[in-house]
There are 2 protein chains.
Amino acid sequence: ALVITLATILLIGVSALTVFWVFFYREGYAWADDIPEKQFNLHPTLMVAGFITFSGFSVLLYRICRCFRRIYVKLLHAIFHALAFPCIVIGFLAVLDYHNKKGINNFYSLHSWIGLVAMGLFGLQYAVGFFSFLLLLICNKGTAGFRASLVPVHAAFGVLTFVLGVAACLTGLTEKAIFTLGAERYSGLPDEGVIINAIGVASIAILAVVMYILSR
Amino acid sequence: ALVITLATILLIGVSALTVFWVFFYREGYAWADDIPEKQFNLHPTLMVAGFITFSGFSVLLYRICRCFRRIYVKLLHAIFHALAFPCIVIGFLAVLDYHNKKGINNFYSLHSWIGLVAMGLFGLQYAVGFFSFLLLLICNKGTAGFRASLVPVHAAFGVLTFVLGVAACLTGLTEKAIFTLGAERYSGLPDEGVIINAIGVASIAILAVVMYILSR
Ligand code: HEM
Ligand code: HEM
Ligand code: HEM
Ligand code: HEM
Ligand SMILES: O=C1O[C@H]([C@@H](O)CO)C(O)=C1O
């Protein structure tokens, strides 16, 4: 129970910290505005919300709501991932459009490669999960064996998706710190550098706590 | 068996690729030489060898050598981590001394924070593992219960150490790509950029394979 409280605080905290960072140091959000940097700001915010906050809660649901009826937990799990979905799509379009507006190449960085794999896995997990665990309930008896055998595969790929999401955040934060502060100022560790590093540390703490809860 | 072969190829491959990168694009290794950059090159090489190649093999040993006598596997596990140890220490001193020679601040980056936690956990795991699983064998019977109860804790923290090691590599590669190629050239994805990204992709593939093997 204590560790669930800790997880909740961290999951909400990491998104709150990201929003704080953008408003306090990066001038807030916008789209189709004169300042493309404000549009970029949607990218880290929505990606952290989708891949960490919403996905994290969704994955922990099965361990938090043990006394609920199974179908409710399953629907909640699907709903939380359904909330993560648009965050991830819009977060991706925000940076894609930002790159195109500024004439920067797409998909060159290790970060973007990790991000593409994470998003691909997320989409697959969603499609397969929705089809197999909800739609196939139409024929409850005939598909029970198949669904049961799919659970460990879905769980393993789900954890991998989460790990890749965290890895994308860590490399993205590192890029952003160097791009906007510059190597010189980042190495002096200004306040903004501490905040960016703290978002990364919170993401790692979440990964550790989620892995711990799932391993029980 | 197939997945063990894959793991072996990747674990050796990621270190080979790092050495290739340093010789082909980064002018090889040196210490106390006129060119501190050559000394820096020891850092990624030894960290990848210590935290990924040696640690990866060591962690997989319990699953590869199921037919060996238990004490031999345990000694091999300790020996592989003992090989990783000096790699990590020298790899750390190489970058610390490089920073001091060039007058760059220490421990400002998210990468270095992740790295410090990973190294701290590695040291703890080694000390606790050595004491509990080898030294306490002196009193085999009296400590069996304690040792058995420690195994899941040691395994969980061991996986966490491995995950943090991979996270440190990914953020380190991202920094290095931007520092040496520059944001401009990196975004054109030159050959060296592809190689650096490939080292990262290999690290992630290793993480996925190791997590998969340990979950069986
Ligand atoms: C799971 C989370 C994330 C995913 C899946 C992701 C995905 C991506 C992708 C696919 C791109 C390439 C876009 C293009 O080339 O047009 C990109 C770019 C970028 N992202 Fe993320 N991102 C994530 C989180 C973050 C975070 C938290 C930050 C922190 C600020 C960030 C910073 C950046 C930056 C600076 C770029 C532009 C440079 C580049 O292409 O590497 N990202 N991201
Ligand atoms: C991107 C989307 C998704 C991700 C990343 C994901 C991830 C996960 C993870 C990590 C687990 C393991 C949780 C545990 O061990 O307690 C899990 C379990 C499960 N998920 Fe998903 N999931 C996704 C979408 C869906 C959808 C759309 C459904 C459909 C309702 C679904 C149905 C299930 C079911 C039935 C389980 C098994 C729970 C159990 O019996 O322990 N998932 N998911
Ligand atoms: C598990 C592996 C790794 C660990 C534990 C680690 C740890 C560290 C630490 C603690 C520092 C700070 C040194 C100081 O401030 O004096 C550092 C710096 C650095 N490392 Fe790593 N490292 C790892 C892997 C890598 C890799 C694979 C690269 C890729 C080239 C890399 C690139 C760098 C760079 C460029 C710096 C200097 C900038 C900075 O301080 O962030 N590291 N590393
Ligand atoms: C930094 C050093 C170390 C790390 C990162 C580490 C990591 C791990 C991991 C991940 C496992 C779980 C493997 C599995 O699930 O099959 C494990 C198991 C184990 N380790 Fe270590 N280890 C370290 C040092 C040591 C040392 C020095 C010893 C002393 C001999 C030791 C003894 C053991 C034992 C007895 C097991 C239990 C294997 C079992 O019964 O399944 N470890 N270690
Ligand atoms: O839809 C589901 O399929 C499996 C299992 O119940 C099948 O027997 C599972 O855990 C679900 O929630």
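The helix α6(B) gives the shell around ligand 3 its largest share, seven residues. Helices here are DSSP runs of H or I with at least four residues, and strands are runs of E with at least two, numbered from the N terminus. The model is predicted: local features need pLDDT of at least 70, side-chain atom pairs count only at pLDDT 80 or more, and totals for chains, interfaces and linings use all residues. Side-chain values use heavy atoms, without hydrogens and water, residues are numbered from 1 along each chain as its sequence is written, and chains are lettered from A and ligands numbered from 1 in the order in which they are written.

Ligand 3 is surrounded by 26 residues. A residue counts as near a molecule if one of its heavy atoms lies within 4 Å of it. The closest are B:His43, B:Asn106, B:Phe107, B:Ser109 and B:His111. Four helices of chain B each supply at least two shell residues: α3 (42–64), α4 (70–102), α5 (110–134) and α6 (140–187). By class, the shell holds 15 nonpolar, nine polar and two charged residues. Ala, Val, Leu, Ile, Met, Phe, Trp, Tyr, Cys and Pro count as nonpolar; Asp, Glu, Lys and Arg count as charged; the others, Gly among them, count as polar.

Oxygen atoms of ligand 3 take part in polar contacts (pairs of N or O atoms within 3.5 Å). A polar backbone atom of B:Phe107 lies 2.7 Å from a ligand oxygen. For B:Glu175, a polar side-chain atom is 2.8 Å from an oxygen of ligand 3. For B:His99, the corresponding side-chain distance is 3.2 Å.

Ligand 2 lies among residues of chain A, with 21 residues around it. A:Tyr62, A:Arg63, A:Arg70, A:His77 and A:His154 are the closest. The side chain of A:Arg63 places an N or O atom 2.8 Å from a ligand oxygen. A polar side-chain atom of A:Arg70 is 3.1 Å from an oxygen of ligand 2. A:His77 pairs instead with a nitrogen atom of ligand 2, at 2.8 Å. Two or more shell residues come from each of α3 (42–64), α4 (70–102), α5 (110–134) and α6 (140–187) of chain A. The largest share, seven residues, belongs to α5(A). This shell divides into twelve nonpolar, six polar and three charged residues.

Chain A superposes on chain B by a rotation of 180 degrees with 0.0 Å of shift along the axis (RMSD 0.0 Å). This is the relation of a two-fold axis. A:Thr171 comes closest to the axis among the residues of chain A, at 2.5 Å (C-alpha).

Terms used. Polar contact = N/O pair within 3.5 Å; in protein donor to acceptor, adjacent residues only side chain to side chain. Least-squares fit on C-alpha atoms with pLDDT ≥ 70 in both.
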